Amino acid sequence: MFDLVIFDCDGVLIDSEVISARMLIDELAGFGVEIDAEYVARHFLGRSYPVVMQQIREEFGLTLPEGFEAAYRARLIAAFQQELRPIQGVREVITRLSVPYALATSSSPPRLADSLRIVGFSDLFEGRCTTASEVSRGKPAPDLFLLAAERNRVPPSRCLVIEDSLAGVQAGLAAGMTVWRFTGGSHLRGLDLSGSNGAEPHRMFASFADFFHSASHLCGGISGS
């Protein structure tokens with residue numbers, strides 16, 4: 001049924017979004033912008049930094065000063081060093097997959113590299129990563145996932161996308177792929193973020209312990225792909 005599994009990173013492989021949201025909320029409050037975790041999840045989750053900044057300019061009329069991005073990223077990585085954890089069960093699932101896998105993320109290459117290193121996933125994804133910096137349109141456009149599929153020489157219809165964000169679900173569906181939405185990240189607890197504009201995933205699951213329950217054909221044993 002599938003020849004490639006494409007994982008999002010933040011909120012799927014690593015429990016990073018709750019940290020990123022908290023820090024961004026605090027940073028923006030210093031500029032008089034008051035938002036909450038649900039706003040971040042609905043409008044920022046799954047999107048690249050430039051898209052988030054554009055949303056802030058349009059919604060709040062605020063252009064953040066030069067140097068904000070670098071300072072924010074530095075503080076974020078420092079927080080990651082102390083708090084970042086992998087999503088439980090991810091490594092076990094990946095090492096049992098019977099088909100190839102890839103990673104497609106809106107994170108910048110430096111942030112991605114730091115994140116994977118901190119949680120000990122660098123070995124799993126070496127040479128398998130595609131980032132939004134490599135496409136002209138980020139999520140919810142399909143470009144990122146289509147590029148990942150092209151690099152792996154797999155037709156979109158044979159790809160399975162694992163996403164947590166609405167933008168990511170929309171992107172995977174727009175790419176003509178099967179999309180499963182992971183809802184077990186800390187950032188989604190207590191939030192009702194149902195799909196909109198027809199962006200309904202093919203399946204939702206809250207634990208990687210359940211990953212193979214409806215897709216036993218993806219389970220190939222104990223060795224990775």
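**Questions on a predicted model**

Biologist: Why are helix 4 and helix 6 called roughly parallel to each other?

Modeller: Their axes cross at roughly 10°. Angles under 35 degrees count as roughly parallel, over 145 as roughly antiparallel, 65 to 115 as roughly perpendicular and the rest as oblique. Helix 4 and helix 6 are therefore roughly parallel. Axes are lines fitted to C-alpha atoms, for helices over the stretch in contact, with angles from 0 to 180 degrees between N-to-C directions. This is a predicted model: local features need pLDDT of at least 70 and side-chain atom pairs 80 or more, while totals for chains, interfaces and linings use all residues. Residues are numbered from 1 along each chain as its sequence is written, and side-chain values use heavy atoms, without hydrogens or water.

Biologist: Where do helix 4 and helix 6 lie, and within what distance do their axes come?

Modeller: Helix 4 covers residues 68–83 and helix 6 covers residues 109–119. Their axes come within 10 Å. Helices (H or I, at least four residues) and strands (E, at least two) are DSSP runs, numbered from the N terminus.

Biologist: Which residues of helix 4 and helix 6 meet?

Modeller: From helix 4 come Arg73, Leu76, Ile77, Phe80 and Gln81. They meet Arg111, Asp114, Ser115, Arg117 and Ile118 of helix 6. Contact means heavy atoms within 4.5 Å.

Biologist: How many disulfides does a search of the whole structure find?

Modeller: The search finds 0. A disulfide is a pair of cysteine sulfur atoms within 2.5 Å. For Cys159, the closest cysteine sulfur is in Cys129, 16 Å away, so it is too far for a bond. Cys219 is in no disulfide either; its nearest cysteine sulfur, that of Cys159, is 20 Å away.

Biologist: Is Cys159 buried or exposed?

Modeller: Cys159 has a relative accessible area of 0%, so it is buried. Buried means under 20%, exposed over 50%, partly exposed in between (1.4 Å probe, protein chains only). Cys219, at 26%, counts as partly exposed.

Biologist: Which residues touch the most other members of the largest nonpolar core?

Modeller: Phe7, Leu13, Ile162, Phe208, Phe211 and Leu218 do, in a core of 55 residues. Such a core is a set of buried Ala, Val, Leu, Ile, Met, Phe, Trp, Tyr and Cys residues joined through side-chain atoms within 4.5 Å. Another core, of 17 residues, lies apart from it; Ala104, Ala149, Cys159 and Val161 are among its residues. Beyond its neighbours within four places in sequence, Leu13 contacts residues including Phe7, Pro86, Ile94, Leu103 and Phe125.

Biologist: Why does Leu147 count as buried?

Modeller: Leu147 has 16% relative accessibility, so it counts as buried. Leu147 sits in helix 8, residues 143–151. Its contacts, leaving aside neighbours within four places in sequence, are Thr130, Glu134 and Val135. Also buried in helix 8 are Asp143, Leu144, Phe145, Ala148 and Ala149.

Biologist: What covers the buried residues of helix 8?

Modeller: The cover includes strand 1 (4–7), strand 2 (101–105), strand 3, strand 4 and helix 9 (166–174).

Biologist: What is the phi of Arg153?

Modeller: Phi of Arg153 is near 55°, positive in a residue other than glycine. Most residues other than glycine have a negative phi, and most peptide bonds are trans. Arg153 lies in the loop between helix 8 and strand 4 (159–163). Its relative accessible area is 80%, so Arg153 is exposed.

Biologist: Is the peptide bond from Lys139 to Pro140 cis or trans?

Modeller: The bond is cis, with omega near 15°. Pro140 lies in the loop between strand 3 (129–131) and helix 8.
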